[in-house]
Amino acid sequence: MDTGKDNTNKVRVAIIDSFKEFRDMSVKQLENTGYTVLFQTDNGEDALQKISDNDRLPDVCIIEEDFSTAKLLLEKHPDLKVLISSTEDDEESVTDMLKIGVSGYILKYADPDEMLTAIDVLNGNRKYFSVGISGIVTEYFKNQSQS
């Protein structure tokens with residue numbers, strides 16, 4: 001079985017999730033499909049330390065619905081591509097994340113392969129948002145362009 005150690009696509013991913021079981025599932029899925037998991041942790045401070053210990057930023061950083069961690073990382077590293085993985089699909093949760101500059105937002109209850117699609121899209125310097133929140137995202141960006 002391919003463990004991702006001889007990664008073919010060279011996309012380096014970091015995972016920040018307070019639930020170890022979810023982190024482990026994500027790591028396994030990513031490594032089994034050829035991604036490199038640069039690091040995993042349960043909090044933003046540790047993630048900042050791990051980022052500063054490495055020679056470059058992860059290509060994509062997946063953060064489990066943690067506004068303060070996303071904000072902290074984006075304040076320190078504005079070029080970081082942050083993908084939020086969340087169960088929250090309400091307007092306030094989504095727009096709060098958009099306001100701080102996340103590059104993507106996927107819903108945890110969506111197809112498990114959506115995470116892989118989102119990572120590839122973000123790595124290509126584009127944004128990605130789950131269909132379940134597309135109306136909120138469209139309205140947010142529409143309002144931003146009118147301001």
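The legends below describe several close-up views of one predicted model. Because the model is predicted, local features need pLDDT of at least 70 and side-chain atom pairs count only at pLDDT 80 or more, while totals for chains, interfaces and linings use all residues. Residues are numbered from 1 along each chain as its sequence is written, and side-chain values use heavy atoms, with hydrogens and water left out.

**View 1. The open sheet has six strands in the order β2-β1-β3-β4-β5-β6, with parallel pairing.** β2 (36-41) and β6 stand at the edges with a single partner strand each, so one side of each has no neighbour in the sheet. Here strands (E, at least two residues) and helices (H or I, at least four residues) are DSSP runs numbered from the N terminus, and two strands pair if DSSP finds at least two bridges between them.

**View 2. Strand β3 pairs with β1 and with β4.** Strand β1 (residues 12-16) is parallel to β3 and pairs with it over four bridges, and within this pairing C61 is the bridge partner of A14. Four bridges also join β3 to the parallel strand β4 (residues 82-86), where V82 is the bridge partner of C61.

**View 3. Both faces of strand β3 are covered.** In a regular strand the side chains alternate between the two faces of the sheet. In β3, V60, I62 and E64 lie on one side and C61 and I63 on the other, and all are buried. Buried means under 20% relative accessible area, exposed means over 50%, and partly exposed lies in between, as found with a 1.4 Å probe on protein chains only.

**View 4. Helices α4 (residues 91-100) and α6 (residues 134-146) pack at an angle of about 50°.** Their axes are 10 Å apart; axes are lines fitted to C-alpha atoms, for helices over the stretch in contact, and angles run from 0 to 180 degrees between N-to-C directions. The two helices are therefore oblique to each other, a word used for angles that are not roughly parallel (under 35 degrees), roughly antiparallel (over 145) or roughly perpendicular (65 to 115). The crossing of α4 and α6 is right-handed, meaning that the near helix is turned clockwise from the far one by less than a right angle.

**View 5. Residues of α4 meet residues of α6.** E91, V94, T95, L98 and K99 in α4 meet I136, V137, Y140 and F141 in α6, where contact means heavy atoms within 4.5 Å. The residues of this contact divide into six nonpolar, one polar and two charged; Ala, Val, Leu, Ile, Met, Phe, Trp, Tyr, Cys and Pro count as nonpolar, Asp, Glu, Lys and Arg as charged, and the others, Gly among them, as polar.

View 6. Most residues other than glycine have a negative phi.
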